[in-house]
Amino acid sequence: MIRTVFFAAACSALSPVAKAQDKTIPPPPQQAVLTLHARGSQIYNCQQVQNAYQWVFIAPVARLFDDAGNEVATHGDGPVWNYQDSSSIQGVVQQKVSSPDAASIPWLLLKAVNPARTGVLTRVDFIRRSDTQGGIAPTTGCDADHLDANARVPYTATYTFYSAKP
């Protein structure tokens, strides 16, 4: 019994440490102001790079949904997010961490820049991409016969928007 209690206490003590090591979590005093769930594609283009053919990332394209399943935003090249209230924001990658799922695109922390119009996204400081599924570049199919071909790889992710502003 004492060992079980000690083990449980030790595990719960490690929880904040594990979270602190996740470099995709924004710094204090940032607070989540909006969480959306993405369904879309990562677009890759077959290119010749240093005498080898490879899929090169071009852009994301996704529809974003609230917790009730309502489509409320889009995500695309830039990267940019457009919300239903007509506000938009771009992001610049600050941190990139491998997904716990090796078959999925990395988790990201992006600094929000270039807010446009008025609305919820104009007060955002950081965007976090997490809980990714899929989206990694194909491992086959890029060769001389497919040069400049595009591949759309399905992905899902959670995008959390953070702000220090109330």
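Which residue takes a positive phi in the hairpin of β4 and β5? The views below answer this and show other parts of the chain. The model is predicted: local features need pLDDT of at least 70, side-chain atom pairs count only at pLDDT 80 or more, and totals for chains, interfaces and linings use all residues. Residues are numbered from 1 along each chain as its sequence is written, and side-chain values use heavy atoms, with hydrogens and water left out.

**View 1. The hairpin of β4 and β5.** S86 takes the positive phi, near 80 degrees. Four residues lie between the two strands. β4 and β5 pair in the antiparallel sense over three bridges. W81 stands opposite I89 in β5. Strands here are DSSP runs of E with at least two residues, helices are runs of H or I with at least four, and both are numbered from the N terminus. Two strands pair if DSSP finds at least two bridges between them.

View 2. Strand β3 covers residues 71–76 and strand β4 residues 80–83. They run antiparallel and are joined by four bridges. A73 stands opposite Y83 in β4. Three residues separate the strands, and G78 in the turn has a positive phi of about 145 degrees.

**View 3. L36 in strand β1.** L36 lies in β1. L36 counts as buried because its relative accessibility is 1%. Buried means under 20% relative accessible area, exposed over 50%, and partly exposed in between (1.4 Å probe, protein chains only). Leaving aside neighbours within four places in sequence, L36 is in contact with residues including A73, Y83, A157 and F161. Contact means heavy atoms within 4.5 Å. The C-alpha atoms of L36 and R63 are separated by 9.5 Å, with the two residues 27 apart along the chain.

**View 4. T160 in strand β8.** β8 spans residues 150–163 and holds T160. T160 is buried, at 7% relative accessibility. Beyond its neighbours within four places in sequence, T160 is in contact with A32, L34, T35, F126, I127 and R128.

**View 5. Three salt bridges.** The count of salt bridges comes to three. In each, a side-chain nitrogen of Lys or Arg is within 4 Å of a carboxyl oxygen of Asp or Glu. D22 and R128 meet at 2.7 Å, N to O. D22 sits in the loop between α1 and β1, and R128 in strand β7, 106 residues apart. Both D22 and R128 are buried. R63 and E71 meet at 3.3 Å, N to O. R63 is partly exposed at 42% relative accessibility, and E71 is partly exposed at 40%. D125 and K165 meet at 2.6 Å, N to O. D125 lies in the loop between β6 and β7 and K165 in the segment after β8, so this pair ties together parts 40 residues apart in sequence. D125 is buried, with a relative accessible area of 12%, whereas K165 is partly exposed, with 40%.

**View 6. The largest pocket.** About 360 Å³ of space lies in this pocket. On a 1 Å grid over the protein atoms alone, a pocket is an open set of points where a 1.4 Å probe fits, with protein on both sides within 12 Å along at least five of seven lines; lining residues have an atom within 4 Å of a point. Grid points are joined across faces, edges and corners, and the volume is the space filled by probe spheres set on the points. The lining has 19 residues, and Q42, F57, V93, L108 and R129 lie nearest the centre. β2 gives the most, with four residues.
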